[in-house]
Structures are given as C-alpha cells and as structure tokens.
Amino acid sequence: MRAAIKFCGTCNPQIDTVTAARELQTRSKGVTWINLSAAPVDLVVILNACPTACADRLDVREQAERSLVVTSEMVNGRRIGDLGILQAIELALTKE
Amino acid sequence: MMTGQEYISSLRNLKSKIYFRGEQITNWVEHPALRPHINAAAVTYDMAHQPQFEDLVSARSHLTGQRINRFTYIHSSPGDLMAKVRMLRAVGQQTGTCFQRCVGHDALNALYDVTFQIDQQKGTDYHRHLLDFLKHVQTNDLMCTGAMTDPKGDRNLAPHQQANPDLYLHIVEKKKDGIVVRGAKAHQTGAVNSHEIIVMPTIALGPADKDYAVSFAVPADSPGLFYIFGRQTNDSRKLEGDMDQGNPRYGIVGGEALAVFEDVFVPWQRVFMCSEREFAGLLVERFASYHRQNYGGCKAGVADVLIGACTTIAKYHGVENASHIKDKITEMVHLTETLYCCSIACSAQGSKTASGSFIVDPLLANTTKLNVTRFMYEISRLAHDIAGGFIATMPSEQDLRNPQIGPYVEKYFAGAADVPPEHRLRIGRLIENMTGSTALTEAMHGAGSPQAQRVMILRQANLEHKQNLALKLAGIPQPE
C-alpha cells in the first residue's frame, strides 16, 4: 500500500504528531510511505494535533483513494480511549 | 520559497544604512544587536518548509498558482484569516518573541482592497501597481515591513500645521517618472531586516493635507533611506554573552527602528496612493484591523512559552502542586486563550471586500488588541509572582562561570535537588526578559495605542440599535 502523511499546521498541538509520524513510518509493515504529491496515493493519514482537525479537508482527501483521519482524541471517528494514539492508528491501518 | 538561511544570505546583498548607538553599523547582519531579530524572522521562512507547519505557513498564490509563504498571501476566505492567526501562534511558540513579518503582510492585504477602491472611484492604476509589486514579493519570497506611524510632533495639530512639515511623511515633488518623499516612520518593526518597505499614511486627512496622503513601496536600501535602530531594555546584554539575554537566539520583541526618508525617489509603478486623501482613513482602518487581529495569535504563542517557563520554574522550586501556583497558571492560560478566542472570532466573522479579498471584523479585531493591552500585563505580573523575586536580583552569567565565585552561585541559587542551578537561572532569565519593559510596551502600543482601539470600538458599537432593543423591552415607544 502506498500511503502518505498530511500534517495539520501544528499551531497549538495536543499530541506530538511529528514523533507519531516517525514511529508509524518505522513500525508499519506492508506500507510504502511517499509524499502526498507523488500520486497515486492509496491512503492519506491526516494527522491533526487537536480535535479541530484543520487538515481534514476535501482538497487533502481528494489526493488519495482513502483517508485515515487522526485527531488528538479519535481515529476515523472512533475514540482512542486507553489504546494510545500510535496503537489506535496502527489498528486502523491494519483494517485498510 | 526561501529557507531561513537563504533569507539571511539575501540580507547581505542589501546596502541598508543602519545606525545604532551613534555609529553606522557595517556587517549589520552579524551585529549582535540585530542578529536575534533576524533569526526570528528567519523562522517564518524555515517553518514553511517543515511538514508539520507547512499547512499554516504556506499557501497557494491566487496570482501565480505557486506555493508561497503565507506572509505574502492575500486572504480569500474567513478560513484564511483563521489560518493566519494559527500560523502566528505556531511561530510565536517557536520564537518566544515577535518575528516581525506580519506588518508587511497586513500592509499588502490592506492595500489590496484600498487600491482597488481608489481605482474604482478615481480611475487610477494603483491596483495594478500593487499586483505587480505583490507578484514580485511572492515570487521572490521577500520580507516587507509596513510603515505607518509618523513621528507626529504636536498631536493637537494637523500635519500641515506642524512646526516642521516633515513630522509626517509627505510628497515634496511630483515628477514625470515618480515622486519624491520626505519624513520618517517611527517604531518600525523588522525594518532593518526587511527587503522592502511599504509606506502608508497614519491618520485620516483633510484637504489641506493631501500631500501627506501617500502610499508606496521601495527597496529597504533605497538612496536617501536610513534607519536609526532603537534601544531596548537590557539590550547591552546582547553584547555580553548568552544566558543573561534570556532568549539569546531570538531576542525580545522585534527590533524597532526610526526609518528616515531624506528625499527618497519612488517610481510611479511603486506608488499606491498619491494625494487621494479621502482614502487615507480607510487604509489606516484596514491595516489597523488586520494588524490588531494578529495579537491574539502571536501573543498567545509567546504566552504559551511564558506559561511553560512558569510551570517549569514552579517545578524547579518544588511548588508545582501548590494550589495558588496552579491557580495562577490557570489564570495565565485563561487570559491567553481569551486573547486567542478574540483573534479567531474576528477572523471567523471576516467579510468579503470589493476587491474579493477578506477583511476581519474590525470591531472584534479592535477588541482583541484592547484586551492584549491589559492581559499581557496581567500575564506578566502572574509570571513575576510565580517566578519570585530572584529574577530581579540573580547574578550574571560571568559570575556563574567565574572559578572562584561560580560554586557559590551554584550552591545558593539551587532549587530542587535534581535541578542543575544553571537551569533555574536560565529559565529565570527567560521569564525576566520576556516580561520586561520593552515587551510590555510593545503589547500596549503595537498596532496602535489603547485609545485608538477604544475610538474604533465606540464607532462600531451600533448604539442606536442597542438603544432600540432596550426601548422595546422597556415598553417605551421608539423615536420616529
């Protein structure tokens, strides 16, 4: 799977999206991480550092086949709860 | 888009004349009095290239379709206005101080609409001049400073009544190929490290003052233009070392100068207003609204750093769990987020101008800045309260490094046992310098003094409508 990461603007982050992205790219198997501009992109992981989710926009989603939207509290609309942000993303990724 | 290093290198090509403490500075890019402010401005360039910030600090030009730095962008929606505020907060968090580039950004946006309106009414060509200049700025990723404030002399007198006509910048000659201007612009943030200077009038003007209704842009090193760099609280510490500056990398506030225009020639294609005095007030209002919008963004970012410093020093003192400390930190956060709320609100309520660009809600923008003039003082007061008196008495870095007395400094300035004393001193210096006189005065007067905001707020209060609301509920017939 060809996947890309899109960050929000990180104006006042509640989570460390930079570290999360780095760990995700290191740990995920079966995923080739590319730039969002390097079409075709199967999946864009939209990493928002707070619930406002500024990066979850049509012009971002349109650049990939599918989107996985992460905020400080939810992954694809499901609350992270006790799972931890990285595990929640990885779980959602395995379903893709 | 340039990187920060490319921006700094580009400054070395400028032949700007800058004076500081009685002497013209040579090699001004490296001068310790100026370099921290240059570093702060460079952050606005670097962040546009960092993936976690590029969404905020870059945008797509509506003129060229190219990716540009947002500090050269024309707002085309309320979303853009909010993105600007978020950008300012993000940069403020990284620098802990003013990064200067917003002034030129606001000048570009203010002129975008005002030149359009002048042309519509007067049949002039200023908007095309502005568009050409804007393309130049966007394509070359230039830093502009927005120069509005005149020295003003006797504030009771109109510009043409002043004892010295140059106390407000004005046109002295109109030629076939351009105009010649004379005067000065005061408190110019980032002027010494900008590529271009955009000049605007500072007040609404009557018919006798039409020669003061002038707006233009010239390169920062134009013949006849020079700068007298201002002093700041503790500025000699920049020449002494590192730690005592508090924020040695980025300094305090933006680094302000008096920009003097001694018969500077401006070619017509760089002129955006020339004697159309009926539009001077509109330009001032537009610029002031955009600039007052900013403060809940940039000052929120700076306050975030200050709150972090206070939380840290409370830990270093072993009092982070004391209820009064937590209360004071809470209040600092409350005040900061209130400022941010105001900036977001004036942006969300932005409206479309005749030119198609978007302007913030001016009533809410002025409310934002008026709050900043009070809240930053209170936030700073709370910082002093939490940090303790030692920030006003601690010894110098030289004492800490001295082989004989350094051990005494370390021993008697220790906080919690697991905290190196130098760390306590460093964070104390950061708090001291972020809350000093220059920083507070900038919060008070930047983007206009409190009374200017009060005038704008009352002007837009719509009191007649509010009266009718009250009359209706009180059962009193409304006047005809």
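The largest pocket holds about 1,400 Å³ of space. A pocket here is an open set of points on a 1 Å grid over the protein atoms alone, with protein on both sides within 12 Å along at least five of seven lines. Its lining residues have an atom within 4 Å of a point. Grid points are joined across faces, edges and corners, and a volume is the space filled by probe spheres set on the points. This is a predicted model, in which local features need pLDDT of at least 70, side-chain atom pairs count only at pLDDT 80 or more, and totals for chains, interfaces and linings use all residues. Residues are numbered from 1 along each chain as its sequence is written, chains are lettered from A and ligands numbered from 1 in the order in which they are written, and side-chain values use heavy atoms, with hydrogens and water left out.

The largest pocket is lined by 48 residues. T149(B), H445(B), A447(B), G448(B) and S449(B) are the closest to its centre. Two or more lining residues come from each of α5, β7 (178-189), α7, α13 and α14 (450-459) of chain B. Helices (H or I, at least four residues) and strands (E, at least two) are DSSP runs, numbered from the N terminus. The most is given by α7(B), with eleven residues. By class, the lining has 19 nonpolar, 20 polar and nine charged residues. Ala, Val, Leu, Ile, Met, Phe, Trp, Tyr, Cys and Pro count as nonpolar, Asp, Glu, Lys and Arg as charged, and the others, Gly among them, as polar.

The second largest pocket has a volume of about 770 Å³. Its lining comprises 28 residues, and those closest to the centre are K6(A), R57(A), E54(B), D55(B) and R67(B). Chain A contributes at least two residues from each of β1 (2-7) and α2 (58-61). Eleven nonpolar, seven polar and ten charged residues make up the lining of the second largest pocket.

Rolling a probe the size of a water molecule over the atoms shows where empty space is left. A cavity is a set of points where a 1.4 Å probe fits but cannot get out. Five cavities of 30 Å³ or more are found. The largest cavity contains about 190 Å³ of space. Of its 16 lining residues, K299(B), V302(B), M376(B), M434(B) and A439(B) are the closest to the centre. At least two lining residues come from each of α7 (280-316), α9 (362-387), α12 (421-434) and α13 (437-445) of chain B. The largest share, four residues, is from α13(B). Ten of the lining residues are nonpolar, four polar and two charged.

The second largest cavity has about 80 Å³ of space. Among the residues that line it are Q232(B), N234(B), D235(B), R237(B) and N433(B). This lining has one nonpolar, seven polar and three charged residues.

Within α13(B), T438(B), A439(B), L440(B), E442(B) and A443(B) are buried. Buried means under 20% relative accessible area, exposed over 50%, and partly exposed in between (1.4 Å probe, protein chains only). Their cover includes α7, α9 and α12 of chain B. A447(B) follows α13(B) and has a positive phi, near 65°.

D304(B) is placed in helix α7 of chain B. With a relative accessible area of 19%, D304(B) is buried. Its side chain makes a polar contact of 2.7 Å with that of Q93(B). A polar contact is a pair of N or O atoms within 3.5 Å; within protein, one must be able to donate a hydrogen and the other to accept it, and residues adjacent in sequence count only if both atoms are side-chain atoms. Beyond neighbours within four places in sequence, D304(B) is in contact (heavy atoms within 4.5 Å) with N12(A), R89(B), Q93(B), T336(B) and E337(B).

Helix α5 of chain B (residues 102-122) has 21 residues and spans 30 Å from first to last C-alpha, close to the expected 30 Å. The expected span is 1.5 Å times one less than the number of residues. In α5(B), 16 of the 21 residues are buried.

Y126(B) lies in helix α6 (residues 126-140) of chain B. Its relative accessibility is 7%, so Y126(B) counts as buried. Not counting residues up to four places away in sequence, Y126(B) touches residues including T115(B), I118(B), D119(B), F272(B) and E276(B).
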